[in-house]
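Good morning, and thank you for making time for this item.

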Amino acid sequence: MTEGTDYDVVVVGGGVAGLSAGTFTARHGLDTAVLSAGGSLLRRNAHLENYPGFPAGVDARLLLDMMAAQAERHGCELYEAEVTRLVRVDRGTGSGFTVETASGSEWSTEYVVAATKNATDYLEGLDGIEFLHRGKTFVVTDGAGRTGVPGLYAAGRLAEKPHQAVVAAGHGAEVAVTLLEDDDRPFYHDWVAPEGYFTGRGREVPPGCEEIDEAEHRRREHESMTVMREYFAEPHPETPEQHPSVEADED
């Protein structure tokens with residue numbers, strides 16, 4: 001894909017919060033791009049022990065790989081790009097943003113989800129943005145991810161959430177659902193139900209839901225098992241990233 005395309009949602013940050021948010025917005029029909037400078041803190045984790053669903057833990061880099069693949073599977077487009085500035089603009093159909101990057105590319109979008117861990121420089125200068133300084137700099141939100149700038153949301157550590165991968169992932173999903181509600185996007189919950197679960201009671205299948213028959217259930221189950229076996233067939237080739245100060249001392 002060519003950089004600088006027009007999107008409904010641009011997520012800034014490709015860690016667990018950003019990938020989780022992007023998966024939800026893309027899955028529910030919003031054209032979504034995730035821009036990542038490639039520095040997710042989770043890559044420094046040697047082995048992630050407390051992420052639900054992995055009884056013996058999981059390699060942190062493998063988890064990020066799987067989350068990225070899941071986001072792409074549901075329609076996200078992922079790019080390596082360092083965002084340097086957001087500018088509020090009139091997009092003709094309403095207000096939105098131009099997202100500027102270090103390479104000189106520009107992205108047009110209606111919504112932005114800021115999901116960087118510490119970086120806030122690209123948000124400075126926006127009318128309505130508020131920061132909280134407590135050793136680190138955080139973005140002030142209403143608790144559901146909305147900032148003081150219409151159309152701009154903050155997710156994960158940047159929104160002062162605890163420094164835990166599962167919390168960041170969950171908050172990314174919560175912020176995405178907030179965005180969907182603000183967009184008046186029909187949404188019930190993200191649930192694939194067995195055939196007849198709704199229609200068998202004389203109800204229409206709610207927005208965001210799907211009914212599948214037993215054959216389709218088994219097909220998806222076998223596909224998920226195959227995919228997971230492929231991911232866990234061999235140890236992940238990357239080693240944990242060391243803290244920059246340790247690398248400096250070793251030099």
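Confidence in the protein is lowest in helix H5, residues 244–250, with a mean of 70, and highest in strand S9, residues 152–154, at 98. These are pLDDT values, that is, the predictor's confidence in each residue on a scale from 0 to 100. For the protein, the mean pLDDT is 92, and 95% of the residues reach 70 or more. Where pLDDT is low, the predicted coordinates should not be read in detail. Helices (H or I, at least four residues) and strands (E, at least two) are DSSP runs, numbered from the N terminus.

Two remarks on conventions. This is a predicted model, in which local features need pLDDT of at least 70 and side-chain atom pairs count only at pLDDT 80 or more, while totals for chains, interfaces and linings use all residues. Residues are numbered from 1 along each chain as its sequence is written, and side-chain values use heavy atoms, with hydrogens and water left out.

I turn to the cores. A nonpolar core here is a set of buried Ala, Val, Leu, Ile, Met, Phe, Trp, Tyr and Cys residues joined through side-chain atoms within 4.5 Å. Buried means under 20% relative accessible area, exposed means over 50%, and partly exposed lies in between, with a 1.4 Å probe and protein chains only. The largest nonpolar core contains 35 residues, and Leu42, Tyr51, Leu63 and Val113 have the most contacts inside it. Two or more residues each come from strand S1 (6–12), helix H1 (16–27), helix H2 (60–73), strand S6 (106–114) and helix H3 (165–182). H2 gives the most, with eight residues. Another core, of 24 residues, lies apart from this one and includes Tyr7, Val112, Leu126 and Leu152. In soluble globular proteins, nonpolar side chains tend to be buried together.

Which residues does valine 113 touch? Contact means heavy atoms within 4.5 Å. Not counting residues up to four places away in sequence, the partners of valine 113 are Val9, Val10, Val11, Val12, Ala21, Tyr153, Ala155, Val175 and Leu179.

Next, the helix pairs. Axes are lines fitted to C-alpha atoms, for helices over the stretch in contact, and angles run from 0 to 180 degrees between N-to-C directions. H1 and H3 pack at about 35°, their axes 7 Å apart. From H1, the residues Val16, Ala17, Ser20, Ala21, Phe24 and Thr25 meet Ala165, Ala168, Ala169, Gly172, Ala173, Ala176, Val177, Leu179 and Leu180 of H3. By class, this contact of H1 with H3 has twelve nonpolar, three polar and no charged residues. In this scheme Ala, Val, Leu, Ile, Met, Phe, Trp, Tyr, Cys and Pro count as nonpolar, Asp, Glu, Lys and Arg as charged, and the others, Gly among them, as polar.

The axes of H2 and helix H4, residues 214–231, come within 11 Å and cross at roughly 140°. Leu62, Asp65, Met66, Ala69 and Arg73 of H2 make this contact with Glu223, Met228 and Tyr231 of H4. The contact of H2 with H4 has five nonpolar, no polar and three charged residues.

At 7% relative accessibility, leucine 62 counts as buried. Leaving aside neighbours within four places in sequence, leucine 62 is in contact with Tyr231, Phe232 and His236.

Is glutamate 100 buried or exposed? Glutamate 100 is buried, because its relative accessible area is 18%. This residue lies in strand S5, residues 95–101, and touches Glu82, Val83, Thr84, Arg85, Val87, Ser105 and Glu106, not counting residues up to four places away in sequence.

Glutamate 160, in the loop between S9 and H3, has a positive phi of about 65° although it is not a glycine. With a relative accessible area of 34%, glutamate 160 is partly exposed. Aspartate 184, in the loop between H3 and S10, also has a positive phi, near 55°. Aspartate 184 is exposed, with a relative accessible area of 68%. Arginine 185 is placed in the loop between H3 and strand S10 (191–194) and, at 26% relative accessibility, counts as partly exposed. Its contacts, leaving aside neighbours within four places in sequence, are His28, Gly29, Leu30 and Leu180.
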